[in-house]
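This report covers charged side-chain pairs and a surface patch. Please look at the sequence and the structure before reading on.

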Amino acid sequence: MQDEKVYLRLKKKISVESNQLLRLGDISYLTGNINYLNKVESLKIYQITEADKNVSVIDGFQLLSTLVDAYPFLTVELVGANQVIVDIKKNQKKANFGLILIIWLLLCIGSAMAIMNFHYDVSMEEVHQGLYYLLTGDKEDKPLWIQIPYSIGLGLGMILFFNHIFKKRFNEEPSPLEVEMFNYQQDLDNYLIYHENSLNNQNDN
């Protein structure tokens with residue numbers, strides 16, 4: 001008789017409603033050679049409560065313990081991630097258009113000031129004047145035919161650098177901002193996995 005075996009891969013992160021009952025199929029992908037796989041997927045794993053607040057972590061060891069109690073003769077093999085981050089949805093407030101507008105203006109003004117201060121520090125105006133003199137042999141205080149294309153190119157360069165114009169992407173390559181956001185999210189997830197994991201809290205105590 002062939003051994004009954006299930007392969008279990010935990011999802012890295014899921015979003016759930018408040019007070020939701022989590023079943024095995026909600027937090028993992030399952031496959032195996034058993035004919036009652038649907039029954040295993042419906043196994044109750046964890047009940048979200050108000051004590052969980054905004055986030056909770058389900059550890060793979062606790063999950064295996066629950067499976068062993070429910071199906072003691074079933075061989076379970078855990079592959080991939082060892083924890084699931086559970087993001088608990090709360091009643092979200094509607095976006096404040098006035099606040100968004102203020103933040104947008106502050107960001108635009110701050111960016112413009114940063115660019116202008118940079119150009120002042122490196123004496124970009126003198127550079128353009130020197131370049132104009134080098135190309136034409138004449139001195140010009142405002143070489144607009146250099147400054148205007150340079151300003152347009154600066155804006156186009158920023159668009160190409162971030163690989164976005166509004167919601168449109170130019171190619172599949174991630175922008176530097178997306179890479180930084182991804183790294184930040186990875187660090188945040190690792191922090192949550194350690195500090196929100198009840199097994200780690202037990203070890204600390």
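## Glu77 and Lys5

Glu77 is partly exposed, at 32% relative accessibility; here buried means under 20% relative accessible area, exposed over 50%, and partly exposed in between, with a 1.4 Å probe and protein chains only. Glu77 forms a salt bridge with Lys5, and the closest N and O atoms are 3.1 Å apart. A salt bridge is a side-chain nitrogen of Lys or Arg within 4 Å of a carboxyl oxygen of Asp or Glu. Lys5 lies in strand S1 (residues 5–10) and Glu77 in strand S7 (residues 75–79), so the pair ties together parts that are 72 residues apart in sequence. Helices (H or I, at least four residues) and strands (E, at least two) are DSSP runs, numbered from the N terminus. Lys5, at 25% relative accessibility, also counts as partly exposed.

## Basis of the model

This is a predicted model, in which local features need pLDDT of at least 70 and side-chain atom pairs count only at pLDDT 80 or more, while totals for chains, interfaces and linings use all residues. Residues are numbered from 1 along each chain as its sequence is written, and side-chain values use heavy atoms, with hydrogens and water left out.

## The other salt bridges

The structure holds three salt bridges. One of them joins the side chains of Asp189 and Lys13, at 3.8 Å from N to O. Asp189 sits in helix H7 (residues 176–195) and Lys13 in strand S2 (residues 13–16), so this pair connects parts that are 176 residues apart in sequence. Asp189 is buried, with a relative accessible area of 5%, whereas Lys13 is partly exposed at 39%.

Another salt bridge is formed by Lys89 and Glu17, with the closest N and O atoms 3.8 Å apart. Lys89 is in the loop between strand S8 (83–88) and helix H4 (97–121), and Glu17 is in the loop between S2 and strand S3 (21–23); the pair links distant parts of the chain, 72 residues apart. Lys89 is partly exposed at 39% relative accessible area, and Glu17 is partly exposed at 44%.

## A nonpolar patch

Which residues form a nonpolar patch on the surface? They are Phe97, Leu101, Trp104, Leu105, Ile109, Met113 and Met116, with about 770 Å² of accessible area together. Patches are made of residues with over 30% relative accessible area and no salt bridge; like charges are joined within 9 Å, and nonpolar side chains (Val, Leu, Ile, Met, Phe, Trp, Tyr) within 5 Å. Accessible areas come from the Shrake-Rupley method with a 1.4 Å probe, and for residues only the protein chains shown count as cover. Met116 lies in helix H4 and is partly exposed, at 49% relative accessibility.
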